[in-house]
Structure formats: C-alpha cells, structure tokens
Amino acid sequence: MALAFRRCRFALSWAHRQPGLGPSPITVSVSVPVPRCLAPPGPLPWARRYSTEPGPGRQPRPKKVVVVGIPNPFIWARTKMYFFLIRAYFDQDFTFEEFSAGARQAFSQVSKMLSECNFDALKNLVSKEALEEVEEKCLAMPVNRREALAADLDEIMYSTPGDVGIYYDNQGRKFVSIIMRYWYLTDVDLPDETPEGTKVFQVVFGDESSKDSLRLLTANYEFRREFTQGVEPDWIVTRIQHFKLLE
C-alpha cells in the first residue's frame with residue numbers, strides 16, 4: 001500500500017525523543033472580533049486559521065482559533081540547504097510542497113490507524129522496528145488517550161519540517177530522512193494533566209455553562225526514503241512521537 005503524490009510515494013516509525021525535536025514556539029489565540037489596528041496586513045506564511053463555520057454534521061462554533069508558528073532561522077536555513085542537495089543529487093523533481101502534502105495525508109492516516117489499533121494495516125506504512133514499539137505502547141494506553149492520537153486532516157493546524165538527514169550505509173545505499181512536526185486539535189476528553197504532571201493546552205469556546213473545548217496536541221513523524229538506483233521511490237514512517245500521549 002502506498003500513498004502517492006507525483007513521483008514520491010508514501011508507503012508509510014516510532015520516534016525516540018531527540019534533542020531539538022520538541023515542539024517549536026507557537027501562539028494560539030481565540031479572537032472575535034480582532035481590532036483592525038491589531039490585524040496583520042496579510043496572511044502569515046506559517047499561520048493556520050481554524051474555521052468555525054459549520055460543516056456537514058457540525059454545530060457552528062462562535063469563535064476562531066489562530067495558530068502561528070515561529071520558525072527557528074537556523075533550522076529554516078539548514079532545511080533549505082538539504083532540500084537543495086536532495087534536488088541536486090537525488091531527485092531533481094523533489095519539492096517540499098509536494099512532500100509536505102503527502103506527509104500530511106500519511107500522518108492523518110497512520111495516526112487514525114494507531115488510535116484504532118489497526119496494526120496489520122500499518123505494516124506497509126511503518127517500519128517493522130517502529131511498529132513493534134508503537135504497538136506495545138498503544139495497547140497499554142487508556143482508550144481516551146488512544147483516541148486522541150487520531151488527527152483529522154481538517155484538524156491539523158500547523159506543520160513544519162524539523163530535522164533533515166542524508167546518509168549512506170555500508171552497502172552504499174543512499175537515504176533521506178525528514179522529520180515533520182504537527183500541531184492538531186482534538187475534542188477527546190483528556191485529563192487536565194498527563195501522568196508526568198504536564199498540562200495539555202486547552203482551547204475553550206463559548207461560556208462556562210455550554211463550553212465546547214478542544215485540545216491542541218503535537219506530534220513528530222519521521223519519513224525515510226531510499227534513493228538507491230532501482231529502488232521503488234517509497235517513503236516510509238520510521239519514527240512516531242505524540243507528545244504527552246505516546247511517551
């Protein structure tokens with residue numbers, strides 16, 4: 001099974017925390033209306049607005065949530081350099097925009113399968129080592145925390161590349177790995193504090209008598225592809241980390 005977009009395909013692992021892979025600063029604001037003097041002159045390239053217009057089967061929400069990411073200049077410049085090297089030496093048709101779109105779909109699909117404990121369907125999407133680790137942790141989770149793993153495409157507020165790696169193994173095979181960071185909303189009822197005592201951010205709509213609460217959660221997914229000549233151009237998830245849930 002593969003998730004395809006242009007020449008790159010996602011045949012979609014479980015992530016150990018590494019230095020520098022934690023969530024970067026974000027701002028979450030609930031505002032209606034925004035004073036004209038405070039409104040930015042145009043949309044920010046790293047901002048995602050959460051629309052509260054009612055969709056099919058949804059009740060209208062009275063406010064909006066805006067998530068604004070503050071990119072690290074050093075990481076931004078480094079990832080740009082790596083993307084240039086990928087195009088120059090591995091795949092001249094590679095674009096981050098296409099990769100990001102496919103990775104977002106893969107993240108949503110894999111996270112939903114994890115929440116359902118549908119591990120058989122993940123065998124061709126997640127590496128064997130990663131799947132073994134995440135399966136053990138998912139089965140040990142309470143049901144409500146496991147449900148919170150699922151990220152609907154419409155609920156993904158913001159995403160950004162983390163670390164990018166290019167490396168060779170002892171057989172001369174070439175690999176590229178890209179870590180993507182995601183922030184997504186969930187309406188799953190979670191306790192105010194995690195087992196470690198760390199609070200999970202909560203957005204509340206409406207008044208206290210009829211509040212509709214959403215929680216903003218974060219996740220890191222690492223995607224890897226082998227660029228050796230003759231190998232199928234499949235990206236596979238090699239690490240997965242849902243902060244405050246799968247830890």
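A residue counts as buried under 20% relative accessible area, as exposed over 50%, and as partly exposed in between, with a 1.4 Å probe and protein chains only. The structure described here is a predicted model, in which local features need pLDDT of at least 70 and side-chain atom pairs count only at pLDDT 80 or more, while totals for chains, interfaces and linings use all residues. Residues are numbered from 1 along each chain as its sequence is written, and side-chain values use heavy atoms, with hydrogens and water left out.

The protein chain contains four helices and ten strands. Helices (H or I, at least four residues) and strands (E, at least two) are DSSP runs, numbered from the N terminus. Along the sequence their order is β-β-β-β-β-α-α-α-α-β-β-β-β-β. Of the 247 residues in the protein chain, 43% are buried. The chain has an accessible surface of about 13400 Å², and carbon and sulfur atoms account for 52% of this surface. Accessible areas come from the Shrake-Rupley method with a 1.4 Å probe, and for residues only the protein chains shown count as cover.

Confidence is given as pLDDT, the predictor's confidence in each residue, from 0 to 100. The mean pLDDT of the protein chain is 74, and 62% of its residues reach 70 or more. By element, confidence is lowest in strand 3 (residues 26-30), with a mean of 36, and highest in helix 2, with a mean of 96. The pLDDT is below 50 over residues 11-53, a stretch that has 127 contacts in the model beyond near neighbours in sequence. A contact means heavy atoms within 4.5 Å. Over residues 194-201 the pLDDT also stays under 50, and the model has 18 contacts for these residues beyond four places in sequence. Where pLDDT is low, the predicted coordinates should not be read in detail.

Helix 1 (residues 73-89) has 17 residues, and its first and last C-alpha atoms are 24 Å apart, close to the 24 Å expected at 1.5 Å a residue. The expected span of a helix is 1.5 Å times one less than its number of residues. Buried residues in helix 1 are Ile75, Thr79, Phe83 and Ile86. Seen down the helix axis, the buried residues of helix 1 fall within an arc of 70°, so they line one face of the helix. The arc is that of the directions from the helix axis to the C-beta atoms. An α-helix has 3.6 residues a turn, so residues three or four places apart point the same way. The buried residues of helix 1 pack against helix 2 (96-115), strand 6 (156-168) and strand 7 (174-186). On the face turned away from the buried side, helix 1 carries the exposed residues Pro73, Phe74, Phe84 and Tyr89.

Helix 2 has 20 residues, which should span 28 Å at 1.5 Å a residue, and the distance of 28 Å between its end C-alpha atoms agrees. This helix is mostly covered, since 14 of its 20 residues are buried. Helix 2 is followed by Cys117, which is found in the loop between helix 2 and helix 3. The phi of Cys117 is near 55°, a positive value in a residue other than glycine. Cys117 is partly exposed, at 22% relative accessibility. Lys244, in the segment after strand 10, also has a positive phi, near 70°. Its relative accessible area is 24%, and Lys244 is therefore partly exposed. Most residues other than glycine have a negative phi, and most peptide bonds are trans.

The structure holds 13 aromatic pairs. Rings of Phe, Tyr and Trp (its six-membered ring) pair if their centres lie within 6.5 Å; planes under 30 degrees apart count as stacked, over 60 as edge-to-face and the rest as tilted. The ring centres of Phe90 and Phe227 are 5.4 Å apart and the planes lie at 55°, so this pair is tilted. Phe90 lies in the loop between helix 1 and helix 2 and Phe227 in the loop between strand 9 (212-226) and strand 10 (234-242), so the pair ties together parts that are 137 residues apart in sequence. Both Phe90 and Phe227 are buried. Phe94 and Phe99 form a tilted pair, at 6.2 Å centre to centre and 45° between the planes. Phe94 is buried, with a relative accessible area of 1%, and Phe99 is buried at 0%. One aromatic cluster is formed by Phe83, Phe90, Phe94, Phe96, Phe99, Phe223, Phe227 and Trp235.
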